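Student: Could we go through this one together? I have a few quick things to ask.
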Amino acid sequence: MKPGDLVKISDKIDQKGIPPSRMGIVVQRIETIIDYTDIVKQPTDVYLVQLMNGEIMRFHEMWLEIVRSA
């Protein structure tokens with residue numbers, strides 16, 4: 001998954017702000033510090049997705065399905 005991909009949010013997740021279409025565009029992959037002793041940020045399986053209603057939300061990769069790759 002990469003920025004620009006069109007994705008659909010799984011029907012198995014219900015969260016305020018998700019539009020009925022459940023569609024959005026991947027904005028970026030979230031990076032975080034995985035090991036507290038490591039100062040280098042590492043990519044995770046969490047993505048920022050801009051939904052069709054303008055909301056930007058975080059989702060784990062397991063809740064996203066690629067509809068069209070960028």
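Tutor: Gladly, and please keep in mind throughout that this is a predicted model.

Student: Okay, which residues make up the largest nonpolar core?
Tutor: That core has 11 residues, namely Val-7, Ile-9, Ile-13, Ile-18, Val-26, Tyr-47, Val-49, Leu-51, Met-57, Phe-59 and Leu-64. At least two residues of this core come from each of S1, S3 and S4, and the largest share, 3 residues, is supplied by S3.

Student: And what does Leu-64 touch, leaving out residues up to four places away in sequence?
Tutor: With those set aside, Leu-64 touches Met-1, Val-7, Lys-8, Ile-9, Tyr-47, Val-49 and Phe-59.

Student: Switching to Glu-55, where is that found?
Tutor: Glu-55 lies in the loop that runs between strand S3 (42-51) and strand S4 (56-60).

Student: New topic: what about the phi of Arg-22?
Tutor: Arg-22 has a positive phi of about 60°, although it is not a glycine. For background, most residues other than glycine have a negative phi.

Student: Where is Arg-22, and why does it count as buried?
Tutor: Arg-22 is in the loop between strand S1 (6-9) and strand S2 (23-32), and it counts as buried because its relative accessibility is 13%, with the cut-off being under 20%.

Methods. Residues are numbered from 1 along each chain as its sequence is written. This is a predicted model: local features need pLDDT of at least 70, side-chain atom pairs count only at pLDDT 80 or more; totals for chains, interfaces and linings use all residues. Side-chain values use heavy atoms; hydrogens and water are left out. Helices (H or I, at least four residues) and strands (E, at least two) are DSSP runs, numbered from the N terminus. Buried means under 20% relative accessible area, exposed over 50%, partly exposed in between (1.4 Å probe, protein chains only). A nonpolar core is a set of buried Ala, Val, Leu, Ile, Met, Phe, Trp, Tyr and Cys residues joined through side-chain atoms within 4.5 Å. Contact means heavy atoms within 4.5 Å.
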